[in-house]
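Let's take a slow walk through a protein chain together. Have a look at the sequence and the picture, and then we'll go through them step by step.

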Amino acid sequence: MHTKRYLNLFGWAGAVCLISSLATTAVAKNDLNCTIVDETGNPIAKQDMVLMAVQGGKEVKRKTNDKGQVEFKGLDDGTYQIRGDVDGYVVSKSAPMNLSGNTAHPCNFRLRSANYANSLLQQVLTLTQQKKLAEAEAA
């Protein structure tokens, strides 16, 4: 008779412990709401963006809307980066973003157009040529 009473007692206690441990180990989920623009502030619309987990390498692809906005929902706590690989733009990654606390996190990511990158390169080449010319004249 005592055995049956102990079994019932431990059975209920075990169930309470199990439910309690499951309740305290709920996984926090985060949302990331990003706006993707070019160097002039124009939205990068209808383009795929890739969210990468820094640890583990998991990738999620989503398309921006007409306003350049993209949402990534249900993300685990961790560090993430957005990668933009859009035709006509320089392939780049955002700064790492730490997500935690079961909340929505905003972000802004600026892609540089290939034309912008080429103009910067031309400026560097021009300045380099001017410096070499000045050094040659001074010699």
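What follows is a short tour of some strands, a disulfide and a few loop residues. Keep in mind that you're looking at a predicted model.

Let's begin with strand S2, which covers residues 48–53. Is S2 mostly covered or mostly open? Five of its six residues are buried, so the strand is mostly covered; buried here means under 20% relative accessible area. Now look at the partners of S2. With strand S3, residues 59–63, it pairs in the antiparallel sense over five bridges. S2 and S3 form a hairpin, with five residues between them. Find Gly56 in that turn, and you'll see a residue with a positive phi of about 105°.

S2 also pairs with strand S5, residues 78–84, again in the antiparallel sense and over five bridges. Here, Met49 stands opposite Gly84 of S5. While you're looking at strands, here's a handy rule: side chains in a regular strand alternate between the two faces of the sheet.

Next comes the disulfide. The structure holds one, and it joins Cys34 to Cys107, with an S to S distance of 1.8 Å. The pair links distant parts of the chain: Cys34 sits in strand S1 (residues 29–37) and Cys107 in strand S8 (residues 104–110), 73 residues apart. The link between Cys34 and Cys107 is right-handed, with 120° about the S-S bond. Are these two cysteines buried or exposed? Cys34 counts as buried because its relative accessibility is 2%, and Cys107 counts as buried because its value is 9%.

Now for the loops. Ser94 has its place in the loop between strand S6 (92–93) and strand S7 (97–99). Even so, Ser94 counts as buried, at 9% relative accessibility. What does Ser94 touch? Leaving aside neighbours within four places in sequence, Ser94 is in contact with Gln81, Ile82 and Phe109.

Lys46, in the loop between S1 and S2, has a phi near 55°, a positive value in a residue other than glycine. Lys46 is partly exposed, with a relative accessible area of 47%. Asn102 lies in the loop between S7 and S8, and its phi is positive too, at about 55°, although Asn102 is not a glycine. At 51% relative accessibility, Asn102 counts as exposed.

Methods
Residues numbered from 1 in each chain as written. Predicted model: local features only at pLDDT ≥ 70, side-chain atom pairs only at ≥ 80, totals over all residues. Heavy atoms only, no water. Helix = DSSP H or I, 4+ residues; strand = E, 2+ residues; numbered from the N terminus. Buried < 20%, exposed > 50% of the residue type's maximum accessible area, 1.4 Å probe, protein only. Contact = heavy atoms within 4.5 Å. Pairing = 2+ DSSP bridges. Disulfide = S-S within 2.5 Å.
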